[in-house]
Amino acid sequence: MSVAISNHPASNGAGRSVVKTVRGMAASDGAGVRLSRVIGQPALPDLDPFLMLDEFRSDDAKDYIAGFPDHPHRGFETVTYMLAGRMRHGDNQGNTGLLRAGSAQWMTAGRGIVHSEIPEQENGLMWGFQLWVNLPARLKMTAPRYQDIEPEAIPTVALGNGATVRVVAGRVGDTSGPVSGVVTEPIYLDFALSAGGEISQALPSSHNAFLYVYDGAARVGSSRLERGTLGVLGPGERVEVAAEADKPARFILVAGKPIGEPVVKYGPFVMNTESEIRQAITDFRAGRF
Ligand code: CO
C-alpha cells in the first residue's frame, strides 16, 4: 500500500527560502565587550520587528570581563539567551538576576529602565545572543517587565533523526515556549541537528523570520549558511533546514510579526519620531527612567 503525498500548498505549506545572507560584523559595546553584530549593521540595519542581533562568544576574559555597566533603554525589548557562561543582571528598580547557560531573559524596557549586565566569571567561555525586538507606538511607554526564564523552564523537543529544539518562544507541535504576552508574537527556537539531520518547522506566514547558524553549517534549499551567517527567510508557511552529511549544526530560528511603523534609533532609545528621542534623552538626564 502506498501513501499519497499531496502537493497541494494548503496541506504541505510553501517552504521559505533564504532571500539574503548576512555575516556578522566585529563590534564592541558596553565597556568594551567584543561581539559580532549581525542585525543592526549596514548590511542589515533591521528586520522588522528585529532591531539588533549580537552574538558574543569568547573564552578570553578580556573580551567580555568589563561587561555592560549601567545603561538605559526605552521603546523596545531586549532578549538575552545564554549558551555558556554567567551574567549578573541588575537594574535601577532593584531587580536582579543571574543569567546562566541555557537561560533566557525577555526584558520589556517600555518607558525606560537603567540596567547593567556584568559577567559573573573571571575566565572560561562566555557565549550567547542579544536580540532587540521593537514595540509598536502604543506600547513604547508601557511599564517595564521581565521574563527571567531558567534553563529548566525551556522545553526541549526531540524531532527524530537526533534533532532537538529548545522552545524559548512560540510553538513546536504541541509544545509552547515560556515567553508570553509579547505583542509581536515571537518565535525563538534553538535547534541542534546531528550530521545529516533535517527539520521542518512551521512559521506563521504573517511573520518576518531569520535563522542564524552558530555551529557547523546548515542548508535551506540551495543556500548553504556557514557558522556566523544569518539567512533572512522569504515568504512561506514553513522552513526546511538540513545539516551537512558529515557534521552537526546548531542555529537559532527567530520570527516575529512586523510592526510597520517608522523607526528612529538613537543608541539605546528606539522611538517613532525625532521628538520622542529628544524626550527620551531629556527624561533620562532628569532621572525619570
Ligand atoms: Co541593555
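These legends describe close-up views of a predicted model. Local features need pLDDT of at least 70, side-chain atom pairs count only at pLDDT 80 or more, and totals for chains, interfaces and linings use all residues. Residues are numbered from 1 along each chain as its sequence is written, and side-chain values use heavy atoms, with hydrogens and water left out.

**View 1. The largest pocket.** Its volume is about 370 Å³. A pocket is an open set of points on a 1 Å grid over the protein atoms alone, where a 1.4 Å probe fits, with protein on both sides within 12 Å along at least five of seven lines; lining residues have an atom within 4 Å of a point. Volume is the space filled by probe spheres set on the points, which are joined across faces, edges and corners. There are 22 lining residues, and D29, R37, M52, D54 and W132 are the closest to the centre. Strands β3 (33–39), β4 (50–58), β5 (68–73) and β11 (126–134) each give two or more residues to this lining. Strands are DSSP runs (E, at least two residues), numbered from the N terminus. By class, the lining has 10 nonpolar, seven polar and five charged residues. Here Ala, Val, Leu, Ile, Met, Phe, Trp, Tyr, Cys and Pro count as nonpolar, Asp, Glu, Lys and Arg as charged, and the others, Gly among them, as polar.

**View 2. The second largest pocket.** This one holds about 190 Å³ of space. Its lining includes A26, F56, D63 and R227. Two or more lining residues come from each of β2 (25–29), β3 and β4. The largest share, four residues, belongs to β4. The classes here are four nonpolar, two polar and five charged.

**View 3. The cobalt ion.** H71, H73 and H115 coordinate the cobalt ion, each through NE2, at 2.0 to 2.1 Å. Donors are N, O and S atoms within 2.8 Å of the metal (3.2 Å for Na, K and Ca); water is not among the atoms, so sites may look incomplete. H73 sits in strand β5 and H115 in strand β10 (residues 113–119), so this pair ties together parts that are 42 residues apart in sequence. Both H73 and H115 are buried. Buried means under 20% relative accessible area (1.4 Å probe, protein chains only).

**View 4. Around Q147.** Q147 belongs to strand β12 (residues 145–149). Q147 is buried, with a relative accessible area of 9%. A polar atom of the Q147 side chain lies 2.9 Å from the backbone oxygen of S180.

Notes:
Buried < 20%, exposed > 50% of the residue type's maximum accessible area, 1.4 Å probe, protein only. Polar contact = N/O pair within 3.5 Å; in protein donor to acceptor, adjacent residues only side chain to side chain.
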